[in-house]
Amino acid sequence: MAPILDETLCAAAAQTLNEPDVTVTATVLPNRPEGCYFYKETGTADFDDTVDGLWLSISADNRGHGAEQSDVGAGMIRSPLCAPHSDCGMVDVDIEYEGVAYSHMVPIPSAGVCCEKCQVDSRCGSWTWSHRERDDHGEAYVCSLLEPQQDRAVPTRLHRKGFVSGLPVRDRRPGSLYCVALMQPEGYELPLLQMQHAERVSVFACEEHAIFSNAEVKVGPGIYTKIIESDLKCEVGGDAGTALNAGIFIVLWRAVIDSGRFRFHDWTVKVDPDAVFFPDRLRGRLHDVVEGVNGTYINNCKYGLHGPIEVFSRNAIELYGEKYMQCEQKFWFAYSHWGEDMYMDQCLEKVLGVERVDDVSMICEDHCDCPEYVDCTSGAVTFHPFKTVAVYRQCMLNAGLVLKT
């Protein structure tokens with residue numbers, strides 16, 4: 001048996017074993033079982049039922065640690081969930097997975113080959129294979145590749161004889177990106193994000209993504225916005241005549257932290273919908289960044305952090321989640337006087353002591369003295385702004401990206 005290192009497989013294993021909780025929470029604490037484990041705490045003086053449940057250790061320090069991490073005498077039971085060694089992850093026989101298929105391949109001779117097709121495609125969240133009869137009474141062996149479920153949830157299982165389905169192995173890789181965007185429910189931002197999803201670019205090319213708004217809006221098949229409590233309205237002012245939106249994004253960051261999904265990744269990236277963003281370029285720049293003791297964030301402009309793209313390490317977001325009230329108390333006036341980028345810059349560096357790493361060529365926009373942003377031909381990670389689908393697509397083409405449509 002082998003440890004389960006993927007959160008979707010972890011949830012699926014808990015479902016199979018009829019565990020009472022199938023919501024996976026990440027942990028980087030030491031002395032935990034490697035990978036997926038179920039924790040139950042009973043009979044202790046400081047019993048806290050909020051820590052019971054399904055966990056995934058994502059700390060490299062816990063490699064090789066197994067069931068010995070339980071303390072039976074103290075009533076703290078950590079039960080590792082393991083699986084047979086398999087290149088295909090989890091396989092269900094006589095089961096069809098429900099979801100949004102983006103590819104149907106025929107003929108695929110076996111479920112094993114279908115599994116391999118999914119395993120090598122980073123877009124694939126699950127697969128279903130079946131032996132079906134064609135209309136002309138011939139035979140068809142169909143392999144369907146499905147989009148990942150929202151928040152990497154386990155697909156709904158439908159009992160159908162002759163079908164074989166499975167989940168690929170998606171081990172968390174170093175430098176993985178959790179990309180988020182905040183969207184107005186009406187206006188130009190929705191068409192931009194819908195196009196980005198169809199092309200699998202910008203935030204949708206990250207390891208995981210989430211779109212937030214103040215209403216539930218469908219962005220693409222199976223992709224809906226997460227709701228935050230804000231009217232998304234703010235004044236415009238300051239020296240640069242920019243949006244004084246610190247209050248809106250304080251609410252956004254609380255929602256990001258409460259969801260907990262950032263803990264499954266090394267970096268959290270906030271991207272504006274009208275920013276042309278290339279995740280592969282960002283990964284290359286982050287490769288050699290060493291995280292500071294209190295976390296790290298990237299200063300992307302010589303004038304200070306600019307909001308079209310903001311990059312924070314996991315520990316930086318964790319620390320902000322723990323101590324954000326210190327910033328709100330010190331910068332109580334920020335709600336009506338600052339943009340969200342200035343607020344985060346001042347909060348993280350001046351109050352919380354998060355390390356600030358300069359990469360002032362990361363963003364190309366006029367406000368950072370980069371008027372050539374209109375050409376999109378430099379090596380910048382992000383070009384901004386492009387507020388129509390046509391000009392956004394042209395920017396990607398100028399940068400050398402091959403689009404699907």
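About 30 Å³ of space lies in the largest cavity of this predicted model. By the rule applied, there is one cavity of 30 Å³ or more. Its lining consists of Gln-150, His-209, Ala-210, Ile-211, Ile-223, Tyr-224 and Lys-226. Strand 13 and strand 15 are the elements that give two or more residues to this lining, and strand 13 supplies the largest share, with three residues.

Helix 3 spans residues 189-199 and is mostly covered, with eight of its 11 residues buried. These buried positions are Glu-189, Leu-190, Leu-192, Leu-193, Met-195, Gln-196, His-197 and Glu-199. Just after helix 3, Arg-200 adopts a positive phi of about 60°.

A further feature is an open sheet of three strands, in the order 20-25-24 and with mixed pairing. Strand 20 (276-277) and strand 24 (363-364) each have a single partner strand and stand at the edges, so one side of each is left without a neighbour in the sheet. Strand 24 pairs with strand 25 (residues 382-383) in the parallel sense, over two bridges. Within this part of the model, Ile-363 stands opposite Thr-382 of strand 25.

Conventions:
Residues numbered from 1 in each chain as written. Predicted model: local features only at pLDDT ≥ 70, side-chain atom pairs only at ≥ 80, totals over all residues. Heavy atoms only, no water. Buried < 20%, exposed > 50% of the residue type's maximum accessible area, 1.4 Å probe, protein only. Helix = DSSP H or I, 4+ residues; strand = E, 2+ residues; numbered from the N terminus. Pairing = 2+ DSSP bridges. 1 Å grid on protein atoms, 1.4 Å probe; cavity = no way out; pocket = protein on both sides within 12 Å on 5 of 7 lines; lining within 4 Å. Points joined across faces, edges and corners; volume = space filled by probe spheres on them.
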